[in-house]
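Here are a few notes to go with your first look at this one. Have the viewer open as you read.

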Amino acid sequence: MSPVEHLHMSVFSQSFSPCGRFLAAGNNYGEIAVFSLSSALSPDATDLSQKPILTFTAHEGPVFSLLSTDSHLLSAGNGEISAWSWAELIKRNTKAAWTKRPNYKSSLEIPEINAMTINPTENSLVIGGGDNNIHIMDLESGVFKSVLQGHTDYIHCLSVREREGEILSGSEDGAVRIWDYRTGQSVHCIEVYKYEECARPQYGKWISCLTTDSDWMLCGGGPSLSLWHLRSMSPTSIFPLSGCQRQANFYQDMILSVGEGQCVSHCLLGGEVKAQIPCTPHSLNTLALNLNSTEHRVLTVGGSSHQMDVFTNLSYRTFSLSF
């Protein structure tokens with residue numbers, strides 16, 4: 001990779017291995033890097049421990065989404081999903097276990113895939129992207145079994161509410177749609193930008209991040225990041241964060257959020273911004289909490305840089321991994 005490419009690298013996605021000892025990250029050049037957290041966090045770590053144990057080209061376009069099952073790393077590139085065995089990656093073997101492509105209407109268009117999530121109840125992979133549709137693939141057979149249609153612009157983010165049998169999707173069209181995944185019907189459509197307290201017309205109406213926790217939903221993008229109660233379908237807290245938020249997670253009694261700007265925001269559920277922790281990249285795309293291993297419990301953050309920040313304590317950056 002040339003120094004210029006290195007300079008313009010962005011990290012879009014990340015996923016921890018099932019054992020929690022490794023971290024995979026995807027960038028704008030279609031590459032995936034695998035880092036050993038156990039060596040980067042060890043007392044005798046060197047500069048080399050902060051470099052990948054493996055970097056390989058996985059897709060032609062940017063890797064916007066990474067996800068781990070209990071055995072495989074799934075990556076999404078331009079119009080396709082590939083699976084890589086974690087056991088093989090750790091041995092530095094980069095042959096894909098499989099590559100699948102949803103059934104697109106036209107063979108000419110290659111819609112990018114922006115989001116993937118797993119529906120454990122049905123053992124299915126839920127995919128959203130540039131063709132405005134949600135594609136559902138059976139993980140056992142590899143067959144695409146249904147398409148959820150309703151959004152009028154591309155899909156940025158997805159979440160599954162397992163107990164309710166629902167999939168939520170956020171789109172460029174400004175809507176969060178709630179789907180019954182058993183019937184494939186859209187049961188609710190929340191146009192967030194039409195709520196005065198959330199609207200920020202200067203940023204647009206698109207929904208770039210979405211996550212759920214039982215009866216609560218967090219979403220934002222053009223509109224302000226807001227917390228919604230899904231039974232009453234109304235916003236209960238609006239977070240006064242500047243710029244568009246690209247990813248937000250519930251963590252204990254807090255919300256962690258990243259987006260335009262250099263900080264991870266720690267917010268209280270009531271709407272108060274409790275802290276903003278500076279990071280290396282000037283703009284942030286992805287945050288991930290390693291809950292797969294107590295020994296390597298870290299927060300990792302990536303964005304407009306080849307460096308990804310690692311927090312062993314949420315209140316300051318411990319070190320950076322380097323793609």
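1. Is Glu80 buried or exposed? With a relative accessibility of 18%, Glu80 counts as buried, because the cut-off for that label is under 20%. Bear in mind as you go that this is a predicted model.

2. Glu80 has a salt-bridge partner: its side chain meets that of Arg101, at 3.9 Å from N to O. Arg101 sits in the loop between strand 8 (98-100) and strand 9 (113-119), while Glu80 sits in the loop between strand 6 (72-76) and strand 7 (81-85), so the contact ties together parts that are 21 residues apart in sequence.

3. How many salt bridges does the structure hold? The count is 11. Another one to look up joins Lys145 and Glu122, whose closest N and O atoms are 3.6 Å apart. Here Lys145 belongs to strand 12 (residues 144-148) and Glu122 to the loop between strand 9 and strand 10 (124-129), so parts 23 residues apart in sequence are tied together. Both ends get the label partly exposed: Lys145 has 42% relative accessibility, and Glu122 has 27%.

4. Now go to Arg161, which forms a salt bridge with Asp215; their closest N and O atoms are 3.1 Å apart. Arg161 is in strand 13 (residues 155-161) and Asp215 is in the loop between strand 17 (207-213) and strand 18 (216-221), so this pair ties together parts that are 54 residues apart in sequence. Arg161 and Asp215 are both buried.

5. In the model, residues 148-189 are 60% strand and 0% helix, with the end C-alpha atoms 13 Å apart.

6. Last, the nonpolar side. Which residues have the most contacts inside the largest nonpolar core? They are Phe16, Leu23, Ala25, Phe35, Met308, Leu321 and Phe323, in a core of 16 residues. At least two core residues each come from strand 1 (11-16), strand 2 (22-27), strand 3 (31-36), helix 2 (37-40), strand 27 (307-311) and strand 28 (319-322).

Key:
Residues are numbered from 1 along each chain as its sequence is written. This is a predicted model: local features need pLDDT of at least 70, side-chain atom pairs count only at pLDDT 80 or more; totals for chains, interfaces and linings use all residues. Side-chain values use heavy atoms; hydrogens and water are left out. A salt bridge is a side-chain nitrogen of Lys or Arg within 4 Å of a carboxyl oxygen of Asp or Glu. Helices (H or I, at least four residues) and strands (E, at least two) are DSSP runs, numbered from the N terminus. Buried means under 20% relative accessible area, exposed over 50%, partly exposed in between (1.4 Å probe, protein chains only). A nonpolar core is a set of buried Ala, Val, Leu, Ile, Met, Phe, Trp, Tyr and Cys residues joined through side-chain atoms within 4.5 Å.
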